[in-house]
Amino acid sequence: YIAPISIAAANFFNFIYKIRFGFLHISKSKTERIFALFSQDPCKNTVNRYALYIAVGDALSSFYPIPEIEFAFARSNPLVMLRDMRAVRHLVRLNVEKNIIESPRKKSAKYFYVQSNLSYGISAFSYFPVMAFAIFIIHKSQPIGAFLVISYLVLAILGFWRGLQMNRAYQLMQSEKFYPRLS
């Protein structure tokens, strides 16, 4: 039984490796095509701007406005920056006139930083009182104790997700620090 199982496991991992290598190769070729298009000075040629738009949409599976693409590719790590811009588009946006990322609700970067740390802290440290109460109550009513544990898990995941969103918004508003301009 050991030989067929080990052969099947080896074939399975080889299959996963080939799929992963293929996706990495495709991703690398798409990224190289984006950088080749961007190096052709897309600001002067509208054909190149739209080719860049389509190439970024193909590589990241989402379409971005051309000013956002140009803003991100003028900085270090542009693909991560574009993904972050898409993830927190409801919190911060690119102001094309000023060429900065700002909050439409006039929130500061410090606000997003404080909210990020607050969300992480509440998610992490609320474990102790909730679990202590769940252990205390589980002897009287198991369904209520189970409900407390499950509700904590759901709220902790949502809190960490909110903290991540706020942290991304903070980093985008501080783009000179986290995504410095390429020289």
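The model is predicted. Helices α6 and α7 pack with their axes 8 Å apart, and the count of salt bridges comes to five. Three of the residues involved, R75, E176 and R181, are linked in a network.

**Packing of α6 and α7**

- Two packed helices are described by the angle between their axes and the distance between the axes.
- Helix α6 covers residues 127–138 and helix α7 covers residues 142–173.
- The angle between α6 and α7 is about 165 degrees, and their axes lie 8 Å apart.
- Angles over 145 degrees count as roughly antiparallel, and α6 and α7 are therefore roughly antiparallel to each other.
- The crossing in which α6 passes α7 is left-handed.
- On the side of α6, the contact is made by Y127, V130, M131, F133, A134, I137 and I138.
- On the side of α7, the contact is made by Q142, I144, G145, L148, V149 and Y152.
- Sorted by class, the contact of α6 with α7 has eleven nonpolar residues, two polar residues and no charged residues.

- Side chains of opposite charge can pair when their charged atoms come close.
- R75 and E176 meet through their side chains in a salt bridge, at 2.9 Å from N to O.
- R75 lies in the loop between α3 (66–73) and α4 (78–87), while E176 belongs to helix α8 (residues 175–178), so this pair ties together parts that are 101 residues apart in sequence.
- R75 has a relative accessibility of 2%; because buried means under 20%, R75 counts as buried.
- The side chain of E176 also meets that of R181 in a salt bridge, at 3.6 Å from N to O.
- R181 has a relative accessible area of 43% and is partly exposed.
- Through these salt bridges, R75, E176 and R181 are linked in a network.

- The side chains of R168 and D84 meet in a salt bridge, at 3.3 Å from N to O.
- This pair links distant parts of the chain, with R168 in helix α7 and D84 in helix α4, 84 residues apart.
- R168 counts as partly exposed, at 23% relative accessibility.
- D84 is buried, with a relative accessible area of 8%.

How values were computed:
Residues are numbered from 1 along each chain as its sequence is written. This is a predicted model: local features need pLDDT of at least 70, side-chain atom pairs count only at pLDDT 80 or more; totals for chains, interfaces and linings use all residues. Side-chain values use heavy atoms; hydrogens and water are left out. Axes are lines fitted to C-alpha atoms, for helices over the stretch in contact, and angles run from 0 to 180 degrees between N-to-C directions. Helices (H or I, at least four residues) and strands (E, at least two) are DSSP runs, numbered from the N terminus. Angles under 35 degrees count as roughly parallel, over 145 as roughly antiparallel, 65 to 115 as roughly perpendicular and the rest as oblique. A crossing is left-handed if the near helix is turned anticlockwise from the far one by less than a right angle, and right-handed if clockwise. Contact means heavy atoms within 4.5 Å. Ala, Val, Leu, Ile, Met, Phe, Trp, Tyr, Cys and Pro count as nonpolar, Asp, Glu, Lys and Arg as charged, and the others, Gly among them, as polar. A salt bridge is a side-chain nitrogen of Lys or Arg within 4 Å of a carboxyl oxygen of Asp or Glu. Buried means under 20% relative accessible area, exposed over 50%, partly exposed in between (1.4 Å probe, protein chains only).
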